[in-house]
Every structure is written in C-alpha cells, then in structure tokens.
Number of protein chains: 4
Amino acid sequence: MTDSSPSGPRRRARALGLRVGRYAPGPHNAITDVVGVRVGHTTLIEGKASRARHKGGGPVRTGVTAIIPGVEDPFHQRVMGGHFVLNGAGEVSGLTQVAEWGLIETPILLTNTLSVGTASHACVRWMVDRYPGIGDEHDVVIPLVGECDDSWLNDIAGHHVKAEHVVAAIEGARSGPVAEGNVGGGTGMVTCDLSGGIGTSSRRLPKADGAYTVGVLVMSNFGHLADLRMDGIPVGALLAPDLAALKKRRRAYGSIIAVAATDAPLSAHQLNRIAKRVALGIGRAGSFAAHGSGEIVLTFSTANRVPRGPRRARPFTVELLRDTQVDPLYRAAVEATEEAILNAICAADTLDGVMGHLAPGMPLDRVQHIIERHYTLRADLAHASTAPG
Amino acid sequence: MTDSSPSGPRRRARALGLRVGRYAPGPHNAITDVVGVRVGHTTLIEGKASRARHKGGGPVRTGVTAIIPGVEDPFHQRVMGGHFVLNGAGEVSGLTQVAEWGLIETPILLTNTLSVGTASHACVRWMVDRYPGIGDEHDVVIPLVGECDDSWLNDIAGHHVKAEHVVAAIEGARSGPVAEGNVGGGTGMVTCDLSGGIGTSSRRLPKADGAYTVGVLVMSNFGHLADLRMDGIPVGALLAPDLAALKKRRRAYGSIIAVAATDAPLSAHQLNRIAKRVALGIGRAGSFAAHGSGEIVLTFSTANRVPRGPRRARPFTVELLRDTQVDPLYRAAVEATEEAILNAICAADTLDGVMGHLAPGMPLDRVQHIIERHYTLRADLAHASTAPG
Amino acid sequence: MTDSSPSGPRRRARALGLRVGRYAPGPHNAITDVVGVRVGHTTLIEGKASRARHKGGGPVRTGVTAIIPGVEDPFHQRVMGGHFVLNGAGEVSGLTQVAEWGLIETPILLTNTLSVGTASHACVRWMVDRYPGIGDEHDVVIPLVGECDDSWLNDIAGHHVKAEHVVAAIEGARSGPVAEGNVGGGTGMVTCDLSGGIGTSSRRLPKADGAYTVGVLVMSNFGHLADLRMDGIPVGALLAPDLAALKKRRRAYGSIIAVAATDAPLSAHQLNRIAKRVALGIGRAGSFAAHGSGEIVLTFSTANRVPRGPRRARPFTVELLRDTQVDPLYRAAVEATEEAILNAICAADTLDGVMGHLAPGMPLDRVQHIIERHYTLRADLAHASTAPG
Amino acid sequence: MTDSSPSGPRRRARALGLRVGRYAPGPHNAITDVVGVRVGHTTLIEGKASRARHKGGGPVRTGVTAIIPGVEDPFHQRVMGGHFVLNGAGEVSGLTQVAEWGLIETPILLTNTLSVGTASHACVRWMVDRYPGIGDEHDVVIPLVGECDDSWLNDIAGHHVKAEHVVAAIEGARSGPVAEGNVGGGTGMVTCDLSGGIGTSSRRLPKADGAYTVGVLVMSNFGHLADLRMDGIPVGALLAPDLAALKKRRRAYGSIIAVAATDAPLSAHQLNRIAKRVALGIGRAGSFAAHGSGEIVLTFSTANRVPRGPRRARPFTVELLRDTQVDPLYRAAVEATEEAILNAICAADTLDGVMGHLAPGMPLDRVQHIIERHYTLRADLAHASTAPG
C-alpha cells in the first residue's frame, strides 16, 4: 500500500461478512436505532497534506459530532445517564456532573482535544438561546464534550473548530443512517494505526428479552495495529506486514470515547454498569487501555424523562427494568461496542495530514478474505462436531 | 468520676436541651420513624469485669442489632440501597453487592468484628427457612452485616454471639422507640472514650418539602474525647479533665457503622449521595476518620419495592424524587447522624469489662449544664444583634 | 448594613481570636507554608455596579488564581496528587487524569465557570513555550482548572479573563503571604451569603509527628448564612438578623474548590484519603454539600518528584509515610480547611456587582465579639470542671 | 460425551498449542513465577455423586486455596495491593480495607461461599499464633477471603471446610508449579459449563521492558459455554453441540475471583489500574460480567515492603515504576488472565456431584484440533500477505 493507492470504496464491517456476537443489529445498525437519538457531524477537511506543522496553516482534518440523547429538548426532558472510566488520560467535560447527578441534559459533543472549550461554550450559547431559563431560573448548564487528540493528521493548534461548526452539528443531527469513518469529531483520527474515527453499531434484543435496543457510537483514536481483532480474528496481526512499509506510525496510543444509548428503562446506577460492559467491548477489539489513553464511556437511557420543575413538585414516575433482566443488555453492549469500533475503521478512507503523516484506510478486500476464510473454517469445524463419529 | 460512681439515669441528648440543626425529629426521634423500619436488639451482658482476658471466659459485653428495612419480606420486596465508605478499615459483609446492585434484600445486622460470620450464616438460614426459594430458584443471598471491634470491654474471642441471638434480634425487631446505648451490637462499644454504642435519631421535613422522614441508626465505636462536639459545643474538651483520672484509655480509634433510612423516593444513585452527607454528620460529631477506622454508611429508601420476578416480566414502576428536591434530605441526614451519635453516648451507662477496662458513662448533668450555658449565650448574642443600635 | 457602610479593615479569622483545632498554623498560615508552593492572583475589578446585566459591559468582578505545586517545573518534576468529589455539580478540568495517574504536572488554576477553557489553553501555551517537549516527545498536557460560578456579581458572560491574565497569575506566583478575600479566581464570589472567595490556612505538625505541614487554599463560593459555623460557634445564625435587610440573596447554593498541599511524603492513594478529610472540614464550616454544588478537592504532596524519562529508565525512589502515621495529617487537613474558608470570608470586603447584587463583608467586630464571648464561656466551664467539687 | 466417558489425561492450554498474546510465560507459567509468591491447596473430594442434596451428607466437592503474597511474614512485611470490581455480586472479605489502605497483610484465601467465615477465622487464629502482636499492639487483622458458589456440585451447606483445611492450605503453600483444575477452592467449580476452578498463568516481560513478571491465579466459576473463546477462537460455540446432550446445565452465571501478582514496583494506585486490565482479560475469555456474577480482582506487588513500625518512625523508601512504563504490564495482565482461565478449564477433569449434576471436562483432543486448524489458517493468511502480489 502506498500513499497514492486508494483504499477502495468503503463498506461497513458487516458488509465484509463480519458477524459480531449473538444479537441482530437494528435497522440502521447505528446508535440512532434507539428511537429519538439523533447524530450530526460537521466535518472539516481542508488543505493539502503538509510536510510541516504550521499552527493555523492547516491542513485541517477535524470536526464535531453531536449526539442528541433521544429527546427534543434535553434541557427540560433530561434522561438518565451513566459513565465508566476505563483509563482516564483524557477529558469528557461535564463528566463529574453526570457521575454526580446521573442525568444528561445537553447534547453530547465529540471533538478534538483543543476544541473542548469552543464546543462547550457554543453549546451553552445554543441552549441559552433556545431555552431562555438557563442561568437565570436554573443553574448553569455544563455540556458533555468528549475529546481525542487528532494532532497526528490535523493542525490541532490552529483551532479550526468554530462555534458555528458546533451549532451545525447539533442542528444537523438526524435519525437514520449515520456517516462513519473520517467524519465529525473523528475526522482526523486513527484506530490501530489505520484511518478511522467515528463508528456506530446497534443490537436489538429478541422480543422475549424485551425487544430493547442498545446503540453505541465511538470516536475511536486508540491502539496498535497488531492488537486489532475482529470477532476474535487477529486481523491486525495479519495486516501488519502489509503496512510495515508505512514510514511513520503514531507513537501515542491514543484514546476512545464511547457513547451507548438504550431504550431499556435503566436507572443511572444501572447505566454505570452498562458502561463497564462497553469497556469490555473495547477490550475485545484490541485495547489494553494504555497508560496514556483516555478510554471513557458515557451511557444513557431514553426510556424515562427526568423533569425539572418547581421545587415543591410531586415525585415523578419512571419505569425501571428488573435487575435480573439486564444480562441481554450487557451482552448487547459488548457486541455493539466491538462492531462500532470496527465500523469506524472499515468506513474510513486513507487520509493524510500534517508532518507528512498518513492514516491508511483498512484494505477491505483483504480483510473480507481473512474473515471469509475464518468463517468457513468455523463452519467446517462446527459440522465436524455434529457429524456422526 | 470513679469506677464506682454511677453515671446516673440516662437521658437522650434532646432531654439535655440539645437541639441539633433546623428540622424537628419524628415522633420517636429514631430510625423507626421511617414507617415500616423495625429494630431489634439482643444484648449480652454476662459476667463480672475481669482483670484479664480469658478467651471464652467472659465477661460478655456484646450483642446483635437487626434493622428490618421497611418491608415485611425484604427478600421479595427489595428496597433501593446505597453506601459510602468514609474510611474503610472495617467490614460490612455484603457491601460489594449493595454497591453493585443498589438493592437491599436482607435485614441489616450489626455486631462485633468476630461475629460477622455467625450473624451472616444465621441470617441466611433464617431467610431460607422463611423464603424457601433462596438458593434454589434464586441466587444465594448475601446478608448485610456491619461490625465494630468491642474487644476493649468484651471477651470477643469467646464468640458469645450465637445463631439464636441473631434470630432473636431479627424476630424481635419492632417499630416505635429504640433502645440505645449499651444494647445490641453496640453493647460493649465506646464512643470518644465514653460508653456508647447504639444511637438513633430522625428528622421530619416540613410539609412544603414533602414531609419525608430521614432516620439514622449508628453503631458507634470511634473517636477521642477531646474531639467530641455537640451542636458545635466542645463538650469533649470540657469533659476531658474530669476523665483524666481514667487509668486506661483505648488506644485504637475505633469505627462507626451508620445506617440511614428514608421514605423519600430515592434511587440507589441518590442514596449513595445521602450516604456522603451521613459522613459529614459523623465529622460534625468529632470524627476525622482515622486511618484505622471503619466508617461505613448504608442507606435505603422504603418508598419503592424492587420486585424479583420472572425473567421476562414487565418493567416495574417507581416514583422518584426530583433531584432538585434532595437538599432538605441532605441537611436532615447530617442533622440526624450527629444526633444519633450523641444519643448513643447519652444513653449509655458506665460499663466495665475485660482487662480492667472501663467505659465511663457521660456525666449528663454536667453536659446539660454546658449546653444550657451555651444556649443562653447564643440567645443573648442573638438578642443583641437585633437590638436597636 | 447598607451598600454605603464599609465593613471595616479586613482581618483574618485568627486575628478575631479564633482558634480552630489542635495544631498551630505555619508561619504564614497559608498553603505557601508548604515549602515550594507558590500562589499568584490576577484580580479583575472594573466598572461600577450595575442594575442590569449587559454581556460584555461589565462590571467585572473576576480573576484567576494559580497554585504552583511546589516545584520549579511541574511538567518535568511531577508531584503525586489525589482528589475527592464531595458533590460533583461542577468542573475541575483535568480531574479525570489526576484520578487516573495520581500525578500533577501543571499549575492548578482557579477561575470562573466560563473561563475554564481560556485558562486551560493559556496554561498549555505557557507550558509549551517553556517546556518545548510537550505535544512533541510527550503526550498532550491537560491543566487542572477548577471553577465556581461568579455570576452573582460578575459579568461572567463577558469573558473578561484573557490569556494574559492567566499567565500573569502563573508568573506572579510567590511564596510567603497570600492575599485573600476578593482576589484572583475568587474575586466575585460569595460564601454563606457574605463576600468571600479565596482563603487559605495551614497546620504544622509537632516534631514528634514529623513536623510536616498541611496547607489548604479554597476558592469558596458556597452556602447559606444560617449554616455558617466558626469553630462550632453558630456565627451565621447570629448574624442572620443583621443581614435580613439585604434585598436580594443568591438563590444558588454555589460551590467550593479546595486544594490541599503537604510536604509529608504521601502516595497518590494516601492523597485521595487526605482529600476526604478536606471534605469533612468543608462540612464543619457549614456545608451540607447541596445538590447543585461543585465541592471538589485536589491534594498533592511536594515530598517526591515523579520523573518523566525515557521509556526504559530505571524505577525511581520515593519516600513514603507509614500509613499508621497519617492521622495527624488527617486532623490537620480538617482544621486547615475550616480555617481557610473562614479566612476567605473574614478577608473579603463588601462588593457589589451586576443586577444590583451585593455581597456584604462579614461584620468583623461583631463576629470578634461573638467569638470572645464563646471562648470566655468555654474557659469558665473548663475551669469549673477542674475546680474542687 | 457421556457421564461415563473420561475426558482424558489433562493438559494445560499451552500444551494444546495455544499461544495467548505477545509475551512469553515464566518458567512455571504460574503466579509463582513472581518470586516469593506461594500457593497451597486443600482439595476435598469425598463421597459419590448423589441424586439428592442432603445437607452435611455430601458429596464433598470443595476446598481452599491459599496465596502467600511474596513474603515470609505478610503481617510485618506488608505489600502494596489493589483491586477492581467488574461486577460485585459476590464477596471478597477484607476488600474494603485493601481499597482503603492499598496494602495486603494476610494470605489471600479462596473458597466456597459459605466457608468465608471459617477461612477468615482460621487465618486470623493462625496469624495470631504466629505473630503474637496482633490484636494487642496492633489492630485486628482482616484476612482477604474470596468466594464463589460451588453448590452446583458440592454439598455446600454441609460446611465441609474446616479450620485445619485452611491452615493446611496456608502451610502447604509452595513456590514452583501450581496444581490446576478441580483443586483447592476451585474443586467443585464450573467455567463456561465445563469443569474448571483453579487456573494460573504468567508473563515475563522482555529485558528491555524491565524483565518483570506478572502472574495471575483465578478461581473461575463463571460463564456460558457458547461464549468461551481461546485466543479469539470461538471454541465454546464449536463445542456446544457436543455438550447439548448434557441433561442439566447450571442456571446461574457464576463468578470469578482473580488474583494478579507482579514483581514490578507498583504503588497501590497503579495496582488498581492493573486490576482493570485483568478484567479485560476476563472479558476476552468470554465473560460479559453478568448481573449475578461476582467478578472481583485483587492485585499486589512483591517489590516493596511496607513496614509496620513505631508511630514515630521515619518514612520508608520504596522504588516505583515510572508511569510511562506500565503498558507492557497492562498487556501482560490481560494475556495472563485469559490464559489462567483457559488453564483452569483445560486442567479440570469431569466431575459429578450433588443432585445428579455433572461438570464435563473439556474434550482436549477436539479443542487441540480446533486450535491447530485456526493457527494453520492464520499462518496461511500471514504468508499470503507477504507474498509478492
């Protein structure tokens, strides 16, 4: 693979034949399969690749992704939220409050490390314009903004993400299919040495288990190629020789921010537990959660609304899942997380950026072949097992 | 004060004139003011004080306290529960599961350090007899058993707490007034160098704040006399000279287990937050949470029932308090905790035990005088403030 | 008290006769008594009080405080750090990383809620200029920036804190006495309805306990007047009638960020434990840690340096305190925290700001009188106790 | 496979050709490769399988495992310790204190759920006999005792583990090879529907990474067959049809206690981080950490001794690894954990017990074939990759 060779039309992991886990995905195999969840991206790719790094001079390889947590107005119709920090060498602005309150009351934004402040302020301003009570009758709002460092490709110090880009991501958020790969906050990001930032996947539980949906969206920027696994298949190790020619590889391990949504009626406390299973899914894709990595998980449930309201209002009523019924959701969270990461890589095209750096797109045909060969072997072995002996 | 001088008929802190905080207590000023919560004690005081410590030879100064968390059958009608570890040099058996599940499904037992296993097994057996499904259709049950070390007075190595004592505490649990001082699990315990183990208090919120009740029960075994404060009054420092004649004082700092109940409809997540405020109340009474201290808080809400049930049952419905309405409960938790600790001391009589050790009862008349003088001064100063200048 | 009445020349709490706790303060009774710790303030007070709130139009009542954690170059000579979140409705940017790494490698900055991003970016830029390796050979640096909301007095939406103010606070950081009250990040802040933002205090342990120093600095912006206690004396309740005439009082409960430093050789793990005792000190001053409050504690030890260094370097050597020796430090942390908060109030002058809001300075003469009367009573009662009966 | 068919002579996973991860194991591929760590088992297998469950009547399928954490006398030469709770529906007695103190000062014991008290008391008595100061000059000691529920095979209510069995495990602890499978605390346990309780594995880092060793020992009792993976190969799903004939399968998901040791000089804080990576390893073997599972990790480092000592002793000196150097240890912890679980299964023979329950031994020849076929395919695909195109 050379800089000039295109990595071909992109497909999702499932289009390569991959089947992760037991449950089927929802209609879009995306976090938006959780009804009401919407996703918007602002993607900023400008300027040619450069051999140097001139602050402000580009090239620009960055953006913002906004996730609307399942309600029209997250400020007045808050949802329950949870989190888990697998490794904390990163930031999700607003995380301390989610941990304390178990509530999410803003869009969730994903962007590069140096644009957290811009994203946060732009979101506050957007919310204040829209919901005039904020900061007046209500306390200050603290948006959730997760970050990874895209400086391997992006002129990060140029602060190219502006308030209008943040607002565009929020206002452009849609249900339905979600763009993946080099888009939104993940535009300039790299997963396991390959191009790949934003990925998503979902699982729909069988009717007998409640027919709930779990959707995961990741901004993925972590890992080493040799560790990459797809449904247990050591794809990264098999690809490594192909990519050995890459002149430069990122030294840093990187980070990943994962957001999991569900329509199952879970409490904040249960959502913290879901977040730990997302971490297991990150581990299955190949992460060992390196020292310098910010591996942070946010989770929310769209099932209940947590009202604001006058100080002396009545309690509100929620439905909650029985705790003995969470296991299928745990399993779904592991599965969807693994597949979301793989989708981020499969969907991302080769991209070059600052300092002559290059993030190669995954060679999809070769990966499809690797997967097919493994699945064929599995089928052979399964058949052997049941054959009359 | 000498070993022979009785410390007089015991009274509660409020009978000394003390008024901690803003809110009024419930009718019994006890954890049982939370409707449905019941408390039972088995108190074991046998044998004369001894100059030595003969394992198994007494004297016995120990017992068990049982708290039934507001339901007839905690196994099938579980309640939401929380916790906080202020300092973890101690054990509450079952704590890990409360932290994980946010549920309480057994009586809560309080006893001495070496009787945790006995209490736990006796409770399991009692529950299995009563609720035949356990361990069969349901998973194993793990009772909540908190401990403090009563070896300053008690022949702890004699293992004098037997299964029947545990069952008697559970089955003897009643609503209404709660015995305090040298009773139940707190029988042989010492608080701030004074006699005092079990104490309780409650707060009832004004109607405008929901008329909820918060009740706290402590098994208190911590601290140094000089640090003891009652409503901010440095009572311990003032008493210290009186007690300087005590030949021996416990070297260890000790521990405290606090249990807070409320009928406010709080989630597990909010109950963890309540538990932190109980810790603030422990601090106000004079604890700095020493290195060797097990300062562990359990909390539960009687408002909702968390059903067990078939794997494919429907979600259940609960009421939850709006998060903006928890502040009065936080305040009530701080207040009731401070007063519960003070009640443990005020109610406890002088008690002697092993090795010639003695835990003197608080000299109540003197303390009443100290409090009165302070309250008179406060009234004087308040009056001065509003006098026309 | 009216807007025109000055609240008199400001004094520290100790100058009013107050004596909190057992241990003596260090020479400056400040966090800077921990050798090497330096503090700098940029204070922005501009414009007359206004009846309205015009974004950008002032008045300006804000600033930045910088704490240099005991080393010349915190990036290359990192110190061990810890934290505790008493209530998490606020932000300390960089907190997740401190929790993960147990290290502090940047100045600690304190400012208003909407200036966190500015402070963080300015600090990164300052560090990159000074320590060229950052972001190149080393991973990105995440500064610690704590915030409270000063919008009761300050035109917070005007974003008056600029990068140069941040740099000025860092570069102006000095050892020795520390300005308190309406200065630095705490300029426009209010504690228990009184003026008061920055306060500090320290404790020096006796030689037999290692002669270690614990210093605390708070940016205090929390609470209700009626709850304020000084060494257990209900000063706030006694002052409340005087201040009843105040036309407007802040509705929000506010927040507090506390930073504790020590030269005792503590590990990250032990520093987390120290942070919990700082929380107890906050509770003693009158906080019940309200739902909407960001009560966040950072701690660090200057005793050891944690080197960066080549990937294959040898382990480094540190000294650690025996765990059985931490109790005096715990006690010192509680004491210094309470006094730091009280110093913030005592040192702060009456200040007016936006919307006709006013933060009255504590009436020091009256408070001194209240304290004196209480201490006289305590002395009387102590004397009575030892009098021959 | 039928009840009567033996599952053949047992081998370890590596003897089947399996190679998990990047690093090589230590000489015994066991936790004892960390110098000084010793392991002892008492295995209790008595009585024939039974169709019923008669409390006390057997059959007995249980035991105790003791891990001595790398020192002759763990009470006086304490080591630093950490933990992580992946899912907390279980108990490690003493865990709260490890979390608080970051120290391990007792043997670590593993046994069945109802023998935790017996194991704890026996250990305390053994320590008191051996180190007379305990409970006298020193505070009470709280042993670490982890449990899983072996009631699928064992007459657990018969309480067959006695104090002498606990002491025998402690005193029989040895360095060198460690027995695996149906031994010690794991005797009656089941992993992914197969027989298998105790397993161990280790990794030795290359010299350039410090030549440190990470060893893991698990008492494994979790999971469903269909989820079992070996180096990513879906062995469980392939075996499932063979085992479909099993009349009864355990309904409960079970639990796992994992203990990781290292000679790398890590602090308590870093050991907590290692424990999270052990959780990732559990996830790779096939766990999704079910609701009812107690998945609890303990970690310790043998590199430093944490002395007890007089209250006024000097600080002690330790070596610590640079934080940037922990990544190879994280990776090693993931690898050794996965392999330890697989060893528990590979080493365990078919075992029957109460109620006609049977835990079949893994069919090793078939698994070896599955692994060989996969590794052959991987080699083919790797070759293809580098072939001239």
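## Cis peptides and a positive phi

C:P59 sits in the loop between β1 (37-46) and β2 (60-69) of chain C. This is a predicted model. The bond that joins C:G58 to C:P59 is a cis peptide, with omega at about 0°. Chain D has a cis bond too, running from D:G58 to D:P59 with omega near 0°. D:P59 belongs to the loop between β1 (37-46) and β2 (60-69) of chain D.

A:H159 has phi near 50°. That value is positive, and the residue is not glycine. A:H159 falls in the loop between β7 (144-148) and α3 (163-171) of chain A.

## Cavities

The largest cavity holds about 2,500 Å³ of space.

Which residues lie nearest the centre of the largest cavity? They are A:H83, B:H83, C:H83, D:H83 and D:F84. By class, 16 of the lining residues are nonpolar, 17 are polar and 12 are charged.

## The contact of chains A and D

Chain A brings 47 residues to this contact, and chain D brings 47 residues. Together the two chains bury about 3,900 Å². Carbon and sulfur atoms account for 54% of that area. Three residues stand out on the chain A side: A:F288, A:H291 and A:L381. They supply 18% of the area that chain A buries against chain D, more than any other three residues.

Eight salt bridges link chain A and chain D. The interface also has 26 residue pairs in polar contact, counted with both residues at pLDDT 80 or more. Which elements of chain A each supply at least two residues of the side that touches chain D? They are β3 (77-88), α4 (235-243), α5 (268-285), α6 (327-347) and α7 (364-386). The most comes from α7(A), with 12 residues. By class, this side of chain A has 19 nonpolar, 12 polar and 16 charged residues.

## A:D227 and its arginine partners

Side chains of opposite charge can pair when their charged atoms come close. A:D227 forms a salt bridge with D:R331, and the closest N and O atoms are 2.7 Å apart. Why does this pair join two chains? A:D227 lies in the loop between β11 (213-222) and α4 of chain A, while D:R331 lies in helix α6 (residues 327-347) of chain D, so the bridge runs from one chain to the other.

A:D227 also forms a salt bridge with D:R22. Here the closest N and O atoms are 3.9 Å apart. Over all chains, the count comes to 72 salt bridges.

## The contact of chains C and D

This contact takes 37 residues from chain C and 37 residues from chain D. Chain C and chain D bury about 3,100 Å² between them. Of that area, 42% is on carbon and sulfur atoms.

How many salt bridges are counted between chain C and chain D? The count is six. C:E319 and D:R314 meet in a salt bridge through their side chains, at 3.6 Å from N to O.

## A:R14 and its surroundings

A:R14 is found in the segment before β1 (37-46) of chain A. Which residues does A:R14 touch, leaving out those up to four places away in sequence? The list is A:R19, A:V20, A:P25, A:N29, A:R203, A:E339 and A:N343.

A:R14 and A:G292 are 278 residues apart along the chain. Their C-alpha atoms are separated by 31 Å.

Notes
Residues numbered from 1 in each chain as written. Chains lettered and ligands numbered in written order. Predicted model: local features only at pLDDT ≥ 70, side-chain atom pairs only at ≥ 80, totals over all residues. Heavy atoms only, no water. 1 Å grid on protein atoms, 1.4 Å probe; cavity = no way out; pocket = protein on both sides within 12 Å on 5 of 7 lines; lining within 4 Å. Points joined across faces, edges and corners; volume = space filled by probe spheres on them. Nonpolar A, V, L, I, M, F, W, Y, C, P; charged D, E, K, R; others polar. Contact = heavy atoms within 4.5 Å. Buried area = accessible area lost by both parts, 1.4 Å probe. Salt bridge = Lys/Arg side-chain N within 4 Å of Asp/Glu carboxyl O. Polar contact = N/O pair within 3.5 Å; in protein donor to acceptor, adjacent residues only side chain to side chain. Helix = DSSP H or I, 4+ residues; strand = E, 2+ residues; numbered from the N terminus.
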